[in-house]
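Colleague: Put the model up, please. I would like to go through the helices, the backbone and the charges.

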Amino acid sequence: MNIESAPHTKLATQQALRLRRLYLAFGSYGFTLLLTLSCWHLGFFAWPVVVAYLALMIPINLAFYIAIRSGFNLRFADPSLTFAQLLASILPVFYVMFHAGPARGAFLLLAVSAYLYGLFQFRTRQFMAMTLLALSGYAAMIALLAVYQPTQVELRVEMLMGVAFAVTLLQISILGGYIGKLRRKLNTKNSELEARNQELEVALQTIRDMAIRDELTGVFNRRHLRDVLRLESMRADRHGGAMSLCMLDIDFFRNVNDDYGHLAGDLVLKRVAEIAQAELRQTDVLCRYGGEEFAILLPQTPLAGARITAERIRLAVERSRYYAVDTELRVTVSLGVAEYIRHEDPDRMFQRADDALYRAKESGRNRTMAAGLMVAV
């Protein structure tokens with residue numbers, strides 16, 4: 001996965017989860033609507049109460065859906081808007097309860113069930129705040145009934161139901177706070193585990209790189225080149241196509257070590273590797289073959305193309321300056337190039353490229369020779 005796209009993917013997943021939770025809340029409203037229709041059918045109240053419930057329920061749900069769908073919810077500390085959803089869900093229930101007469105107790109149970117949606121989100125203080133608001137709403141409803149419909153209220157029964165409602169909500173608050181604490185601990189542990197896994201993945205990648213890369217120059221090592229060459233030769237044998245190998249040797253490298261020291265020699269090796277890498281394609285494989293010698297595997301490249309690449313590298317090295325060592329230092333390289341012959345032993349191609357490199361050095365160095373050719377490129 002692209003690293004930059006990962007946060008966007010995570011955010012989209014979180015928003016999708018919030019929408020699924022909202023759909024569950026829609027289901028809760030649906031159960032309340034069924035109970036409301038049942039009460040209307042049984043004659044506890046007239047049909048305008050059902051219409052008023054729908055007039056409250058639909059805009060509330062639509063508002064939360066739009067908020068999450070549009071991303072507006074992300075502006076809040078709790079993007080799930082759990083507290084707001086629970087508070088909003090109580091209002092239509094209390095309205096129906098006001099008109100439900102003896103059936104109020106059934107709606108009180110639904111209010112408690114809606115309260116359970118905060119179990120995995122709220123802290124204890126949020127539960128307590130919600131409990132206080134719910135009890136205040138219930139007390140206000142009873143007070144209004146006592147004023148406007150005194151015949152519909154039996155205060156002793158309502159007080160008993162209020163106490164039971166309060167005790168139930170308080171128990172849920174304590175349990176919810178405990179569950180929330182466990183959930184936060186689990187999230188912390190999961191975050192720590194994820195961080196450890198990322199550190200482990202980085203460490204494993206470092207080990208993989210150490211196994212296939214040269215420690216000094218950072219290019220691939222001889223072992224990796226052998227593995228890639230085996231795979232590329234199998235591909236060439238099966239599907240055809242050209243492949244070439246280039247052997248590169250730094251001319252008079254021993255003189256650099258003798259005149260400037262081994263640290264200067266290391267700088268030259270790294271610089272030559274950088275220059276060569278800059279002239280190659282992403283599909284090409286540059287490795288340090290040993291000492292001051294490098295090997296370059298050029299997939300899908302015939303001999304003529306390999307010679308051009310080798311010459312480009314040779315000229316780039318020749319033109320480069322090594323100010324970190326000596327402003328007067330000049331470095332050149334000799335190169336030998338060979339093209340893979342189908343079904344040939346890869347070691348044979350290595351030998352032909354190495355022979356071409358030997359001829360380049362014997363011919364005066366700072367030149368490219370191709371296998372089978374006796375003239376300098």
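Modeller: A word on naming before we start: helices here are DSSP runs of H or I with at least four residues, numbered from the N terminus. Keep in mind that this is a predicted model.

Colleague: Fine. What follows α2?

Modeller: Gly-71, with a positive phi near 85°.

Colleague: And how far does α2 reach from its first C-alpha to its last?

Modeller: The span is 35 Å for 24 residues, close to the 34 Å expected at 1.5 Å a residue.

Colleague: Which residues of α2 are buried?

Modeller: Among them are Val-49, Val-50, Tyr-53, Met-57, Ile-60, Phe-64 and Ile-68. Asn-61 is buried as well.

Colleague: Back to phi. Which residue other than glycine has a positive value near 55°?

Modeller: Leu-81. It sits in the loop between α2 (47–70) and α3 (82–100). Arg-365 also has a positive phi, near 65°, and is found in the loop between α11 (346–362) and β6 (368–370). Most residues other than glycine have a negative phi.

Colleague: Is Leu-81 buried or exposed?

Modeller: Buried, because its relative accessible area is 11% and the cut-off for buried is under 20%. Arg-365 counts as partly exposed, at 26%.

Colleague: Now charges. How many salt bridges does the count come to?

Modeller: Eleven. One of them joins the side chains of Arg-288 and Asp-214, at 3.4 Å from N to O. Arg-288 is in strand β3 (residues 285–290) and Asp-214 in the loop between α6 and β1 (220–221), so the pair ties together parts 74 residues apart in sequence.

Colleague: Is Arg-288 buried or exposed?

Modeller: Arg-288 is buried, with a relative accessible area of 18%. Asp-214 is buried too, at 15%.

Colleague: What does Glu-279 form a salt bridge with?

Modeller: Arg-312, with the closest N and O atoms 3.1 Å apart. That pair links distant parts of the chain, Glu-279 being in the loop between α9 (262–278) and β3 and Arg-312 in helix α10 (residues 303–319).

Colleague: Which residues are linked in a network of salt bridges?

Modeller: Asp-249, Asp-251 and Lys-361.

Colleague: Last one: which residues form the positive surface patch?

Modeller: Lys-181, Lys-185, Lys-189 and Arg-196. Arg-196 lies in helix α6 (residues 155–212) and counts as exposed, at 58% relative accessibility.

Terms used
Residues are numbered from 1 along each chain as its sequence is written. This is a predicted model: local features need pLDDT of at least 70, side-chain atom pairs count only at pLDDT 80 or more; totals for chains, interfaces and linings use all residues. Side-chain values use heavy atoms; hydrogens and water are left out. Patches are made of residues with over 30% relative accessible area and no salt bridge: like charges are joined within 9 Å, nonpolar side chains (Val, Leu, Ile, Met, Phe, Trp, Tyr) within 5 Å. Accessible areas come from the Shrake-Rupley method with a 1.4 Å probe; for residues, only the protein chains shown count as cover. A salt bridge is a side-chain nitrogen of Lys or Arg within 4 Å of a carboxyl oxygen of Asp or Glu. Lys and Arg count as positive and Asp and Glu as negative; His and the chain ends are not counted. The place of a charge is taken as NZ of Lys, CZ of Arg, CG of Asp or CD of Glu. Helices (H or I, at least four residues) and strands (E, at least two) are DSSP runs, numbered from the N terminus. Buried means under 20% relative accessible area, exposed over 50%, partly exposed in between (1.4 Å probe, protein chains only). The expected span of a helix is 1.5 Å times one less than its number of residues.
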